[in-house]
Amino acid sequence: MTTSPSPGTPSAPRFAALGMVVADMAAALAFYRRLGLDVPAEADTAPHAEAPLPGGLRLMWDTHETARAIDPDWTPPQGGTPTGLAFECAGPAEVDKLYAELTGAGYTGEKPPWDAFWGQRYAVVQDPDGHGVDLFAPLP
């Protein structure tokens with residue numbers, strides 16, 4: 001059962017965006033444009049950029065300098081994958097095609113396409129900052 005806040009009670013916050021800190025804004029945005037995100041070209045030199053996502057969410061990027069402006073003690077995470085994102089492809093063949101396109105463009109392939117036991121064609125590519133980006137589609 002959903003209840004409405006009583007008058008004068010603040011409403012709950014709404015999840016609205018995912019943020020990532022990147023070393024090279026232009027390189028990061030070039031990668032995500034290849035995945036179909038709409039980011040204006042002038043964002044390549046900005047300290048902060050955003051792209052709309054389905055459902056009203058936004059994906060946001062900030063440079064290391066911006067992160068340090070917010071928190072002077074901030075340092076990039078060491079080891080492991082700092083963030084993971086997943087992009088659903090039109091079908092299993094599209095997973096293979098996109099993985100080949102991205103790795104052919106020089107991005108690091110973390111896990112080549114395979115038929116996962118949970119019923120999806122799956123692959124993982126790293127963006128320029130080492131964030132794991134999963135590519136997936138349901139198997140027929």
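The legends below describe close-up views of a predicted model.

**View 1. The open sheet of three strands.** Three strands, in the order β1-β3-β2, make up an open sheet whose pairing is mixed. Strands β1 (17-22) and β2 (48-52) stand at the edges with a single partner strand each, so one side of each has no neighbour in the sheet. On average, and with direction ignored, neighbouring strands of this sheet are turned by 20 degrees against each other.

**View 2. The pairing of β1 with β3.** In general, the strands of a sheet pair through backbone hydrogen bonds, in either a parallel or an antiparallel sense. Here β1 pairs with β3 (residues 58-63) in the parallel sense, over six bridges. Within this region, Ala17 stands opposite Arg58 of β3.

**View 3. Helix α1 across the sheet strands.** Helix α1 comprises residues 25-34 and lies across β1, β2 and β3, running at about 155 degrees to β3. The buried residues of the helix are Met25, Ala28, Leu29, Phe31 and Tyr32. Seen down the axis of α1, these buried residues fall within an arc of 155 degrees and therefore line one face of the helix. An α-helix has 3.6 residues a turn, so residues three or four places apart point the same way.

View 4. The N-terminal end of α1 is capped by Asp24, a side-chain oxygen of which lies 3.1 Å from the backbone nitrogen of Ala26. After the helix comes Gly36, with a positive phi near 95 degrees.

View 5. The structure holds nine aromatic pairs. In one of them, the ring centres of Tyr32 and Trp61 are 5.6 Å apart and the planes meet at 45 degrees, so the pair is tilted. This pair links distant parts of the chain, since Tyr32 belongs to helix α1 and Trp61 to strand β3, 29 residues apart. Tyr32 is buried, with a relative accessible area of 0%, and Trp61 is likewise buried at 0%. Both residues belong to one aromatic cluster, formed by Phe31, Tyr32, Trp61, Phe87 and Tyr107.

**View 6. An edge-to-face aromatic pair.** The rings of Trp118 and Tyr122 have centres 5.3 Å apart and planes at 80 degrees, so this pair is edge-to-face. Trp118 is partly exposed, with a relative accessible area of 43%, whereas Tyr122, at 13% relative accessibility, counts as buried.

Methods. Residues are numbered from 1 along each chain as its sequence is written. This is a predicted model: local features need pLDDT of at least 70, side-chain atom pairs count only at pLDDT 80 or more; totals for chains, interfaces and linings use all residues. Side-chain values use heavy atoms; hydrogens and water are left out. Two strands pair if DSSP finds at least two bridges between them. Helices (H or I, at least four residues) and strands (E, at least two) are DSSP runs, numbered from the N terminus. Axes are lines fitted to C-alpha atoms, for helices over the stretch in contact, and angles run from 0 to 180 degrees between N-to-C directions. Contact means heavy atoms within 4.5 Å. Buried means under 20% relative accessible area, exposed over 50%, partly exposed in between (1.4 Å probe, protein chains only). The arc is that of the directions from the helix axis to the C-beta atoms. A polar contact is a pair of N or O atoms within 3.5 Å; within protein, one must be able to donate a hydrogen and the other to accept it, and residues adjacent in sequence count only if both atoms are side-chain atoms. Rings of Phe, Tyr and Trp (its six-membered ring) pair if their centres lie within 6.5 Å; planes under 30 degrees apart count as stacked, over 60 as edge-to-face and the rest as tilted.
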